[in-house]
Amino acid sequence: MSDTTVLEQEIAIEQQHVDRVYARLAELRRDASRAEKEGYQLAGVGTFGALVERDAMVFHAARRRHALDTEYEGLVFGRLDLLTGATHYVGRMGIRDDGSKPLVVDWRAPAAAAFYRATPADPLGVVRRRMIQSSREKVTGIEDDLLDPDAAPEGMRVVGDGALLASLAKATGRGMRDIVATIQREQDDAIRSPASGVTIVTGGPGTGKTAVALHRAAYLLYSDRSRFAGGGILVVGPSGVFVDYIATVLPSLGEETATLRSLGSLVPGWDATRVDSGEVAAIKGSLRMRRVLERASHDAVPGAPTELRLLYRGTLLRLGAKDLDRIRRAALQRGARRNEVRGHGFDRVFNDLWAQARDAKVSGLPEKREFEAELADRTDFREFLKAWWPRFTPMRVLRWLADPGRLRAYANGVLSRDEIATLQGSFDALATEGPTISDVALLDELDELMGRPRRPQKKSKNPFHVRDGIQEVSTFADRQAATRAQQVQRDEDYRDYAHVVVDESQDVSPMQWRMIGRRGQYASWTVVGDPAQTAWSGDPAELDRSRDRALGSRKRNSYALTTNYRNSSEIFEVAAKVIRTIMPDLPLPSAVRSTGVEPADVVTDARGLPETVRELTEKQLSEVDGTIGLITPVPRRDEMAEWVAGLPERVQVVTALEAKGMEYDAVVLVEPAQIATDLAGVRTLYVALSRATQRLTTVGTDPGWLP
């Protein structure tokens, strides 16, 4: 019998089961829709209790229906034939037939673990592992691994070469793919790491670190939903481009409760995309900036009144600059938060003025409380207080650093003269262009240093209130459910996450670790990165201390990924040559496949560069079906984007820094010599060279960049 006939027969066998699964899925969807409609009909009963029951039924039915709709594509992707003779199908969600017999096992369930962990050396009771490829409801391919040949029953058929390499050759599309069907054992070990403590995942380019981190988040939500969905999972990435790229992965796995943020959007109200130079970012990211900011947060307000003169019952009461400075310093003792002690500052002003009035023996001087009330009623006095000690925002104080004189005063003895000179000018665009990504951590630090003005506590809305004097009838269980629902509605600046995922952690500065740490004080952590890819040029020891302080004393579980699944061996060889120039002993991952296509290096002159870049990009469009990344030096992104204007959306223009964590079918890397200008630049170039899965073309005016 021909291989084609065997493949067709085996596909037909699997199609029968897949048809059964989708038929059952359709039944479950109809049941969910019916339950949703019946819930609405309860409103016609006419009792308030019925309204509560309606809301509960509608909510749960709608959520179930949404989950069933989300998991429609590629629902069944694996099969395990076990030594016991049993067969398990593995998929994106668990489905049982009407007799409660499992038709599909959720990929996160313990029963599915062997699908990822079994090997020929340790088959874990699995005789044959089958990967099922499909397009919607149609089975399109099968790839088998015979893990225990001696236990295989007579007549068991084995088809294909394995699904992993086949999946790697596919076009990536605009967003990141999930790897749920092709997770490898070393990746699965990290995904199923203990939920408590800190899971640290390291690995070179293409090893699947980001995919592991996201699949781990989905696994935690499945294994302990009340803890991780209730407390929340925060995923932090290096840039907005990266966050957009990974945004579809968790929803594709049936999880939509995680919060995704870039380092530039962790602080509410800001979504920073501007990037400082490496030197400036290293200074802004240093812990020494906290002392600089602390000095700024305690300083006098620029343009604030330096004198208070009040005519009170014929007597002039006066506070001069020295008096006001003394009062401010007394109220702002070390550790005091400016916004929180504003009232103490005002009290000291009242006290000094009262003492003056008493010493001057003002005629008809009332008791102190009445004296303060009289002053508080005066418009001129209230305007003085607001100007002298306003309510501060972090941005208002950070903008003071744009003043060279103030910057020197705050940084004197903390930063070197050269560092102060480097920082000068880096805050000038705050008012017009907003903060850089590095500035956002400084804003968060200022928020911590200054505190927040007291605000009246909002009253919780009673979910069972109908109108004045009337409430819906509710049970204790109803009220518990309503309380849990209110807890899930988190504040904009929520800081009590149950789990925090930090991707591309090698680029997180000490100040950024402080920012992230404030949001994960009670959390378990997943920290993913590759030291060889870091663009951080500051003090490594300070960076380690800051990370350890954020993670606390929690137990560490470390995992190293050693296989590069993204790049062809031809592409990764070029990237490896570059990183070896500065890290010759670095252990690099092994690329597992070869395409036979060597990367191209094109040299041209400055005048011909724009046309050449466009021609090369158009060529890649004709050679690959997926995305093309045009990677540029940071300062030239907008200029080079104009060179490829009008090309299809498959072409994505990103800087070498924005390319971190990204993946493209083809890459056109422009002016590599302008990226590798220092040690951090060489590491950044290493990252940029390892983004492509199928084609890599470098083009520039300097041929000397390649070792």
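Which residues does UniProt list for "binding site" in its unreviewed entry? The entry lists G203, G204, P205, G206, T207, G208, K209 and T210, in the numbering used here and with feature names shortened, and such annotations may be inferred rather than shown by experiment. This is a predicted model in which local features need pLDDT of at least 70 and side-chain atom pairs count only at pLDDT 80 or more, while totals for chains, interfaces and linings use all residues. Residues are numbered from 1 along each chain as its sequence is written, and side-chain values use heavy atoms, with hydrogens and water left out.

**View 1. K209 in helix α6.** Helices are DSSP runs (H or I, at least four residues) and strands likewise (E, at least two), numbered from the N terminus. K209 is buried at 8% relative accessibility (buried means under 20% relative accessible area, exposed over 50%, partly exposed in between; 1.4 Å probe, protein chains only). Not counting residues up to four places away in sequence, K209 touches residues including V528, G529, D530 and Q533 (contact means heavy atoms within 4.5 Å). The side chain of K209 reaches the backbone oxygen of G204 at 3.0 Å.

**View 2. G208 in the loop between β7 (198–203) and α6 (209–223).** G208 is partly exposed, its relative accessible area being 22%, and beyond four places in sequence it touches Q187 and L561.

**View 3. S100 in the loop between β3 (95–96) and β4 (102–106).** S100, a residue other than glycine, has a positive phi near 70°, and its relative accessibility of 47% makes it partly exposed.

Methods. Polar contact = N/O pair within 3.5 Å; in protein donor to acceptor, adjacent residues only side chain to side chain.
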